[in-house]
Amino acid sequence: MSNLARYFKTKGKEVAGYDRTKSRLTEELEEEGIAIHYTEDIAAVPIEYLNPDSTLIVRTPAVSEDHIELRFFRKNGYKILKRAQVLGEISRSSRSLCIAGTHGKTTTTTMTAHLLKQSKIDCNAFLGGISNNYNTNLLLSNHSDLTAIEADEYDRSFHQLTPYMAVITAVDADHLDIYKNHAEYLESFSHFTELIRSEGCLVIKKGLPLKYRVKPSVRVYSYSVQEKADFYAENVHYNSGRLFFDFNYSGGVIRDIELGVPVQVNVENAVAALALAHLNGVTDKELRTGLASFRGTWRRFDLQIRRDDFVYIDDYAHHPEELRASITSIRALYPGKKITGIFQPHLYSRTRDFADAFAAVLSELDDLILLDIYPAREQPILGVTSEIILEKVTLKTKTITSLDKVFEVLDTKHPEILVTLGAGSIDTLVPEIKRRYEAC
């Protein structure tokens, strides 16, 4: 939502909004002149916006249907559009590069935008996270009509988009509160491929169990790591803490290209981003320079502290496969080190649907601090708490606690590698964790 708020602000509109939790991001928006309030109360909305004839209400599905302000706007005849509908309009007014997938889409979108920005091609971008290179999730261009957009499958939001080019990174089951089963989830992605414009293209991870349905004139490319495809990486290796690989494409190869964020899981994302940038005319030299200068995305395997005796990483991972990728990457980077994880489950429905998978992957840690479920848009589900994960975790050292008491538990630990994981309010812990451990 915040990149749309910023977008309308750059267009000279007055912008205000509601969020349930104050955060670093909302504080930044307030500093940029966007009025934000944190209590459901129509009286908190600036009076100048209370005009159905001149005010557009943009909502996210994360806001419940019984939200006091949403009910007021509906009752009084305001024009209300979902966030996805607004992005859909933007996607139709430019050549949009839409990156979809259960996981990897935020990093791939941000990486794609950076590769284009650092080249003569340039682009606009609506990112799902804050780019560490630009310290924003909105990028605008004075001359490019390319727009990189993170395509969110929740609530079938990505069906509002009209991609010029599309990427699909993964189709592991998720959002089963919306989709009845994995088959319905896959069907949603298949429909997404139908929306790609004629003469556009689809870049899809090789081996996905997905039947795409593109128009006859749409080109389809595969990408992979360590397996031959239209675009693929091979010879992935570390050298003095830096990560390199060979990027292969039809008719060429860029040898020993460096990945600026040296995390194994990002190689796959990089191949997809390099493919999109290459297809849009970015030169080999620009690709090499751009990828080496990529600094990642806020809360996507975000290295907060790195010392010989202690490392702290913050990661948005909230799906079992994302957790597995994060923990596996940490093991590869810091073999033999003890990993302490703090995980906040996101949504009652996701906790219910994936409790066994969460428990299995969290058991790959050395020490677990498990927080209460962050509900977001949901009401509690009877019998669904973090305990159903904890009881299945096989670790000897595991603790469950609330967000406000986490430091009481953490103070009894002596972690070598500390990682915070989750998509809810766990990010509010980051500043205090940094303060405590930077002082050590």
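**Salt bridges in the predicted model**

The side chains of Arg299 and Asp314 form a salt bridge with an N to O distance of 2.6 Å, a salt bridge being a side-chain nitrogen of Lys or Arg within 4 Å of a carboxyl oxygen of Asp or Glu. The pair links distant parts of the chain, 15 residues apart: Arg299 lies in the loop between helix H8 (284-292) and strand E15 (302-306), and Asp314 in strand E16 (residues 311-315). Helices (H or I, at least four residues) and strands (E, at least two) are DSSP runs numbered from the N terminus. Arg299 is buried at 4% relative accessible area, and Asp314 is buried at 0% (buried, under 20%; exposed, over 50%; partly exposed, in between; 1.4 Å probe, protein chains only).

This is a predicted model, in which local features need pLDDT of at least 70, side-chain atom pairs count only at pLDDT 80 or more, and totals for chains, interfaces and linings use all residues. Residues are numbered from 1 along each chain as its sequence is written, and side-chain values use heavy atoms, with hydrogens and water left out.

A salt bridge also joins Glu364 to Arg324, with the closest N and O atoms 2.6 Å apart. Glu364 is in the loop between helix H10 (348-362) and strand E18 (367-371) and Arg324 is in helix H9 (residues 320-333), so the bridge ties together parts 40 residues apart in sequence. Glu364 is partly exposed at 30% relative accessibility, as is Arg324 at 27%.

In total, the structure holds 31 salt bridges. A network of salt bridges links Arg6, Arg24, Glu28 and Glu32.
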